[in-house]
Amino acid sequence: MPEENNKSKEADPLFPSWLKASYEMWSKAAQAMPSFEEDGQKFQAETSNRFVEQWQKNLKLMKSFSKTMSEPESTAAAINAINTLPEIILKMAKSGWEAGFKTQSHILEKMGKIGRRAEAYKFDNLDQEVFRALTDIYEKELRQYFYIPQVGLTRFYQERFNEMLDKKNLFETTLAEFLSIIYLPIEKSFKVFQERLQEMAQKGELPKEAKDNYALWVKILEGHYMSLFKSKEYTDALHNTLEKMEDFVAAKNDALRDILQFLPIPTTKEMDELYREFYLLKKRVKELEKKVKAV
Amino acid sequence: MAQTKIPVDLILEKLAQSAEETQKRVSRASDILLSPLNTEAAVTPYDIVYSEDRIKLKHYTRSETAENKLKTPLLVIYALINRETMLDLQPDRSVVQTFLKSGIDLYMMDWGYPTRKDRYVTIDDHVNGYINNAVDYIREKNGIQKVNLMGICIGGSMCAMYSALHPDKIKNLITTVTPSNFDTDKGLLHVWMKNLNVDKMINSFGNIPGDLMNFGFLLLNPARLMIDKYVGFTENMDNKDFVENFMRMERWIFDSPDVPGETFRQLIEDCYKRNLLIQNKMYLDGKRVDLKKLTMPLLNFYGRFDHLVPPEAADKLTSVVGSKDVEDVCIDTGHIGIYVSSKAQKQFAPKIVRWLRERDKEDAPRQKAQTKRKSEVELQKPAVESRAPEPQNIQQPSLAETGTKTGRPKSPRSSRSLLIQKITEAI
């Protein structure tokens, strides 16, 4: 540190000299340019434009700034500021890095939790719990990233696009769960079928035709499906999947509407409004037609 | 030496035999599938005599040689799901052709394919708009006061609504696989619809996509409709007739127009969720649908194995109407089998012709004794059933199982027709 202070002090005599040289340079530059006062209206009429005007102003500003800075008080303050500059930059950098590290560690921490949430479910008992866990993880840990507030002119477009992605993800997770439920009877029917075959083999009644085996299996499968379809779990999954699909379709339509607005294509919303008006008008015309006919 | 419990030698022998047969079948099938196939449905000629928006009124030309032509024309109203071509699916199983040969002057409503612009069309627009206009057209054209009306599935429900609101225009009413009591948990559709968020669905889709509904119908019995059906097809794909009929059916099943959003909303809210129709609490354009005003003769068909409109959903209608001339007919088949199965061909359309003929004479006295309720009719076999009855598929066993249970080898033709029948029953 003492060495650094010495270096700063060594720079002290250089700074006032640089300021003086700077002032002289801007003064000469200003003098070199023909001024309005010197050449009067003639020059102004010939060369006056926005660029020249701005240039003159800049030179004047730099000249006055250099003059002010050449004063001893200002020079001393500037030297002082230069000496503390590295410290300020270091502080700024430190706080910036700290914020960055905090955000990163927060994200990493959240991502680390993704797997942990699944522990609450007993995967051994019901396989579809895996899908529910995935849905839960998505809803609680990932979904929020699609709802980070957007800013600026395009915020609404971005929001609708993000919502579409979110609804798509939700639909896919529920669809996966639904398909897993639909697949369950197939899996179970094979197990039962194997047991039946085992029983029949022990009794010596094993079907000799492949067709008979198939008929047995399909009958078991049908029975399993009928039991499944009557269950509340299935009905709930069906409705949930349907609702998520509807949400996705609606969000997709909203996002598409933004794109269509840039093209010379009417949006579904606009067409629906038109259809409604058209429908009501047509109905009125038909009623009036009937009244006229009856008269 | 003790006999082995697992006849491995026999099983292997059968497997080898089966592989050889499959190879031959695939070879024959490739010839058939690559050759021109006649899979056109609804080939009976007709004229479009009236059209409005997307709907068309078909008029079929009845056979000139038909004896005892019926005086009163019959208007058939199909459901809003799938298409009316089902009644004329193939020449030897065509309700349309049976009607025409029997002297019925037949009109049929083609609902067309609703587009987005139809999303605000309501049940009232269908009933008091399109159906009413079609009925008026037929009345005017024929110079008559009343027409005969026949409805299929939801089309039947709409016919019941129409007849209750315009009893002066309907001579006889026939409802087939028609839901009137929606408060039942016997059919999966009824269970699933109870908690459906219909508003959200319509906001998202506008109209309800036909493919989405078809997917729902496939889920009612995936083992039969998504697996067994196609296994059956591969087993019979070397038979041209079978392939053509199968393809007709396949095309019909997936030819599913969208359902207008507002119509679907009212159907779910007023019927499936609140069951208003059977309680006489349903309103169309501010007018109450009072089933007591159904004072015309009523013939009500339903399928014993119908899982879309189970008997519990269909058999209450005759007990709540004002008419004394009512009859329930329960056929041992499914929702579509009632129209296209070989068994139903002998029971369904001929029964309607007889019933209408009995009531065609305007001066014919109303016979109080004709009042038949469900219990009586189910026990009473129609005249056509004096023939050898076909096996009843109460448990709906698979094709292979049915073939072995009888203890006698089934001919390929009988098993093929049985497969088609099973497909129709599974729908």
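## Two chains, one predicted model

Colleague: In chain B, what share of the contacts with a separation of 6 or more comes from residues 24 or more positions apart?
Modeller: Contact here means that the C-beta atoms of two residues, placed from the backbone, lie within 7 Å. Take the contacts in chain B with a separation of 6 or more: the share from residues 24 or more positions apart is 81%. This is a predicted model, where local features need pLDDT of at least 70, side-chain atom pairs count only at pLDDT 80 or more, and totals for chains, interfaces and linings use all residues. Residues are numbered from 1 along each chain as its sequence is written, while chains are lettered from A and ligands numbered from 1 in the order in which they are written. For chain A, that share of contacts is 69%.

Colleague: How many helices and strands does chain A have?
Modeller: Helices (H or I, at least four residues) and strands (E, at least two) are DSSP runs, numbered from the N terminus. Reading chain A from that end gives α-α-α-α-α-α-α-α-α-α. That makes ten helices and zero strands.

Colleague: What percentage of chain B counts as buried?
Modeller: A residue is buried if 20 or more other C-beta atoms lie within 10 Å of its own, exposed if 12 or fewer, and partly exposed in between, with C-beta atoms placed from the backbone. In chain A, 12% of the 295 residues pass as buried. For the 427 residues of chain B, the value is 45%.

Colleague: Which strands are the edge strands of the eight-stranded open sheet in chain B?
Modeller: Chain B has 17 helices and ten strands. Eight strands make an open, mixed sheet in the order 1-2-4-3-5-6-9-10, where pairing takes at least two DSSP bridges between two strands. Pairing on one side only marks the edges: strand 1 (46–52) and strand 10 (326–331) of chain B.
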